[in-house]
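Please look over the sequence and the model below before reading the briefing. The notes are meant for a reader who is new to protein structures.

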Amino acid sequence: TMQRVENGLRSRQNSTEEYAMGSPVKDSAVLPPAQRVPPMPVLTSMKDDPDRLAGAAAQEQSMLSAWGATFVCSNACIGAGVLAFPNVFANGGLITTFVLMFLIASLEYLSLDLLVKESQILGVKTYQQIVQKLYGSGLSVFFSCIIFSYMFGALSAYLIIIGDVLTDVASRHIGEDSVYASYSFAVIVWGGALLLPLSLKRNFSDLAFVSFISISSLGYLLVAVCIRSLQGMADKGWHVLEGVNYFPRDFSSLMNAVPVIGFAFVCHLQICEIARELNPYSSFCGGGCCGSGGRPSARERSDSVAGANETTGLLGGAVVINADGKSIRRVRQTMSGVMVGALCVCGVFYGTIGSVAYLSSPQKWVKISDLLQGYGVTDSLMEVGRVALVMNISCSFPINLGPARSALVDIFHRFVPKERVNDGVLSAVTTILIVSGAITVALSVRSLGVVFKIIGGTVGALLIFLLPGLMITSRPRGVPRGRGKRSKL
């Protein structure tokens, strides 16, 4: 009997030692005084901690809202490509172009949705990290090089367009002989004083308002084009359909239109990071989580955003989810609306500007591939439109620099461990190098048309269509496909 009592006491002591650090039930009275540890507050009481709630609220405010994500997506898609759409309608035909826009936008929605799901399943935040998880680090480095070259070329083209437009505007008002009207002055000053500070921001949430300005600037260009086009229609007696082609004239004309449409809805390199920064409790209606039974309390949101015990590590760690995975479902539902909204915004701008300008003067746009070249340099309304285009491109510049920077950083970390380099310093140095390189290219080469046709036709198709298709048809063994219950992890 005494032996059983001793065993019971020893068992109670061992059990008390295990729970002494936090149990409100078992005490440490049987421990020696030197080993007695006061119990920690239970985890449930931490949920009402004001500091924890305030930290979760601050983190939630720093994340992208549903509307902010839509503006960032739209800003990533829309750029100088809108200038080519009158020519696209002239080559592709009025009806065929609208049909192609709908079909290609639908295909790109599917590929964007696939990338968002893959980033959640694999727990990564960039396109090239998806490739690394699925196909290994070797192919990931290769794709990082492709992504960097693709985006660096686009950034250089942006600076060339900015330099050309600002030079034309400045020459008209202050004279061609002025140093302030020179191309090099416009590129260096605009790139260093405006584009570099914007590009140093590392999170898309910091660029949500900039993206709103970008879309608003393009809205002015849309209004200006509509005004001039309606004036042109009135001048020809409102015979709007006269000389209009509904279908392509020949196969060559169709092939000139398809690549422009194909790369007009591209935000694939930014979509994973946008999903990572999206606030899972944000919605378009503003009054709560649509379809989720209302907006949760601050304590419930803090459990999801700031809780660190029950997490899957998805979305790069920016969004910590609770055990039931509700945040993942909310992110997917909201991102679906974000992608549809962004594609619709792009379609409205592309379709309206292109079709209205084409209908006003069908024959003019067959040979002119730049919208602004179709209007005189003395047209004050369109001159402001040129400045609006510069603002749109400038606001798109940091959005498109992000993938180039992350690709270059990933390549760097293949040779230098992350622990040896400060992440913030590396990001800043990489940004400065990319902006400086883009300025150098813009000053050295004034025409990159042929180069970008090659890059856009090969690299763009690889990143937008071929690789997402490969993720579906040829998937490594052991990697979940994210369908059904497995997608919730």
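What follows is a short briefing on a pocket, a surface patch, some salt bridges and a few local details.

This is a predicted model, in which local features need pLDDT of at least 70 and side-chain atom pairs count only at pLDDT 80 or more, while totals for chains, interfaces and linings use all residues. Residues are numbered from 1 along each chain as its sequence is written, and side-chain values use heavy atoms, with hydrogens and water left out. Helices are DSSP runs (H or I, at least four residues), numbered from the N terminus.

**The second largest pocket**

- The second largest pocket has a volume of about 650 Å³, where a pocket is an open set of points on a 1 Å grid over the protein atoms alone, fitting a 1.4 Å probe and having protein on both sides within 12 Å along at least five of seven lines.
- Its lining (residues with an atom within 4 Å of a point) holds 23 residues, and those nearest the centre of the pocket are Lys125, Ser406, Val409, Asp410 and Asp423.
- At least two lining residues come from each of helix H7 (127-135), helix H12 (268-277), helix H15 (380-413) and helix H16 (423-444), and H15 gives the most, with six residues.
- By residue type, the lining of this pocket divides into 10 charged, nine polar and four nonpolar residues, with Asp, Glu, Lys and Arg counted as charged, Ala, Val, Leu, Ile, Met, Phe, Trp, Tyr, Cys and Pro as nonpolar, and the others, Gly among them, as polar.

**Salt bridges**

- Side chains of opposite charge can pair when their charged atoms come close.
- Five salt bridges are counted in the model, a salt bridge being a side-chain nitrogen of Lys or Arg within 4 Å of a carboxyl oxygen of Asp or Glu.
- Asp423, which is also one of the residues nearest the centre of the second largest pocket, forms a salt bridge with Arg202, and their closest N and O atoms are 2.2 Å apart.
- Because Asp423 lies in helix H16 and Arg202 in the loop between helix H9 (183-199) and helix H10 (208-235), this pair ties together parts that are 221 residues apart in sequence.
- Arg172 forms a salt bridge with Glu383, with the closest N and O atoms 3.0 Å apart.
- Arg172 belongs to helix H8 (residues 137-174) and Glu383 to helix H15, so this pair ties together parts that are 211 residues apart in sequence.
- Glu383 is buried, with a relative accessible area of 9%, whereas Arg172 is partly exposed at 38%; buried means under 20%, exposed over 50%, and partly exposed in between (1.4 Å probe, protein chains only).
- Within helix H6, Lys117 and Asp113 lie four residues apart, about one turn of the helix, and their side chains meet in a salt bridge (3.3 Å, N to O).

**Surface patch and local details**

- Ile95, Val99, Phe102, Leu103, Leu241, Tyr246 and Phe247 make a nonpolar surface patch of about 700 Å², a patch here being made of nonpolar side chains (Val, Leu, Ile, Met, Phe, Trp, Tyr) joined within 5 Å, from residues with over 30% relative accessible area and no salt bridge.
- Phe102 is found in helix H6 (residues 94-122) and counts as exposed, at 59% relative accessibility.
- Helix H7 has Tyr127, Gln128, Gln129, Ile130, Val131 and Leu134 as its buried residues, and Gly136, which follows H7, has a positive phi near 100°.

Terms used:
Points joined across faces, edges and corners; volume = space filled by probe spheres on them. Patch = residues over 30% accessible without salt bridge, like charges linked within 9 Å, V, L, I, M, F, W, Y side chains within 5 Å. Areas by Shrake-Rupley, 256 points an atom, 1.4 Å probe, with all protein chains shown as cover.
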